[in-house]
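Reader: I would like to learn how to read a protein model feature by feature. Could we go through one together, with the general idea first and the case at hand after it?

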Amino acid sequence: MADARLAASRPLSPHLQVFRFILTMAMSIVHRMTGGFLYVGTVFVAVWLVAAASGPEWFARVDGLYQSWLGRLILLGLVWSLIHHAIGGVRHFIWDLGYGFDKKTADRMALFNLVAGLLLTGVVAVAAFIFA
Amino acid sequence: MSKSFRFQTSLKHARGFGSGKSGTGHFWQQRVTGVAALLLALVYVVLLVKLQGDDYGAVIATLGNPFVAVLMLAFLGVSVWHMKIGMQVIIEDYVNQPLLRVLALMANSFFSALVGIASAVALIKITFGA
């Protein structure tokens with residue numbers, strides 16, 4: 001079977017650093033990264049819900065942290081991550097159905113994902129500001 | 001007979017490895033939870049905007065509404081499952097050292113379960129009237 005020398009000389013699958021930077025590739029990475037941010041971000045949701053369930057004092061404490069400028073910045077980043085990842089998910093559904101594989105369409109969808117994600121985040125931020 | 005015949009084929013070494021572990025089940029779960037999370041996330045974002053500036057009593061009243069609680073529980077449950085299997089793929093892609101990989105996969109399961117249970121207990125407590 002596979003002896004060590006043979007295994008060592010096998011070609012490695014090419015990774016990120018050997019490719020020219022292109023939009024679709026960057027968006028693939030960003031999709032994963034936003035997924036990772038949201039993974040960590042669930043802690044903020046869980047802490048907030050547990051605080052709300054624990055009474056007014058705990059809620060006020062956590063709410064104060066979330067209302068700080070750092071808190072708001074993190075929450076805004078998570079809102080963007082959620083919206084960007086959601087649109088990216090729709091892009092994947094389109095591919096799953098067998099459409100949008102040609103270069104031009106794929107590039108357009110990637111650009112749309114980026115722009116729409118930022119715009120919708122802006123809309124949510126403004127709406128939240130108006131309600132607050 | 002000078003040379004013994006080998007009954008063992010390389011299939012023995014292939015079993016239990018590679019894509020044969022789970023087939024497309026994992027892929028499909030990611031899609032189903034993705035569709036559900038997409039729809040429920042719309043409700044979630046609207047809810048978050050609505051709650052802006054509300055005081056404690058108003059937040060509890062909103063979260064305690066059974067319709068809201070059901071949708072939030074569904075959103076959190078589906079999201080936690082989606083992120084658990086998503087992070088599993090990331091770990092399987094990047095963590096190659098066997099022990100580290102098993103530990104990372106375990107940590108992923110524990111983290112996801114903990115976040116999910118904490119959110120669920122909090123929501124249920126609020127809905128059933130703290």
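This is a predicted model: local features need pLDDT of at least 70, side-chain atom pairs count only at pLDDT 80 or more; totals for chains, interfaces and linings use all residues.

Reader: How far apart in space are Val35(B) and Arg15(B), and how many residues apart are they in sequence?

Author: Here one reads two separations side by side, one along the sequence and one through space. Val35(B) and Arg15(B) are 20 residues apart in sequence, and their C-alpha atoms are 33 Å apart in space. For Ala26(A) and Arg61(A) the corresponding values are 35 residues in sequence and 38 Å from C-alpha to C-alpha.

Reader: What secondary structure does each chain have, and in what order do the elements run?

Author: Chain B has five helices and zero strands, so that reading from its N terminus gives α-α-α-α-α. The radius of gyration of chain B is 22 Å, well over the 14 Å given by the globule rule for 130 residues, and chain B is therefore more spread out than a compact globule. Taken along the principal axes, the C-alpha atoms of chain B fill a box of roughly 85 × 25 × 25 Å.

Chain A likewise comes to five helices and zero strands, and its elements, from the N terminus on, run α-α-α-α-α. With a radius of gyration of 21 Å, well over the 14 Å that the globule rule gives for 132 residues, chain A is also more spread out than a compact globule. The C-alpha trace of chain A spans about 65 × 40 × 25 Å along its principal axes.

Reader: Which residues does UniProt list as "transmembrane region" in the two chains?

Author: Such a label comes from a record, and it can then be set beside the computed structure. The unreviewed UniProt entry places this feature at residues 32-51, 57-81 and 102-124 of chain B. In the model, residues 32-51 of chain B are 100% helix, with their end C-alpha atoms 28 Å apart, and residues 57-81 of chain B are 96% helix, with the end C-alpha atoms 31 Å apart.

For chain A, UniProt, again in an unreviewed entry, lists residues 21-49, 69-90 and 111-131. Residues 69-90 of chain A are 100% helix with ends 32 Å apart, C-alpha to C-alpha, and residues 111-131 of chain A are 100% helix with end C-alpha atoms 30 Å apart.

Reader: How should I describe the way helix 4 of chain A and helix 5 of chain A cross?

Author: Two packed helices are described by the angle between their axes and by the distance between those axes. The axes of helix 4 of chain A and helix 5 of chain A come within 9 Å and cross at roughly 145 degrees, and this crossing is right-handed. Among the residues that meet are Leu76(A), Trp80(A) and His84(A) from helix 4 of chain A, and Met109(A), Asn113(A) and Leu120(A) from helix 5 of chain A. By class, the residues of this contact divide into ten nonpolar, five polar and one charged.

Reader: How many residues does each chain give to the contact between chain A and chain B, and which helix of chain A supplies the largest share?

Author: The contact takes 24 residues from chain A and 27 residues from chain B. On the side of chain A that touches chain B, helix 2 (23-53), helix 3 (56-67), helix 4 (69-96) and helix 5 (103-131) each supply at least two residues, and the largest share, twelve residues, comes from helix 2 of chain A. This side of chain A has 19 nonpolar, three polar and two charged residues.

Technical notes: Residues are numbered from 1 along each chain as its sequence is written. Chains are lettered from A and ligands numbered from 1 in the order in which they are written. UniProt positions are given in the numbering used here, feature names are shortened, and annotations may be inferred rather than shown by experiment. Helices (H or I, at least four residues) and strands (E, at least two) are DSSP runs, numbered from the N terminus. The radius of gyration is taken over C-alpha atoms; the globule rule is 2.2 Å times the number of residues to the power 0.38. Two residues are in contact if their C-beta atoms, placed from the backbone, lie within 7 Å. Ala, Val, Leu, Ile, Met, Phe, Trp, Tyr, Cys and Pro count as nonpolar, Asp, Glu, Lys and Arg as charged, and the others, Gly among them, as polar. Axes are lines fitted to C-alpha atoms, for helices over the stretch in contact, and angles run from 0 to 180 degrees between N-to-C directions. A crossing is left-handed if the near helix is turned anticlockwise from the far one by less than a right angle, and right-handed if clockwise.
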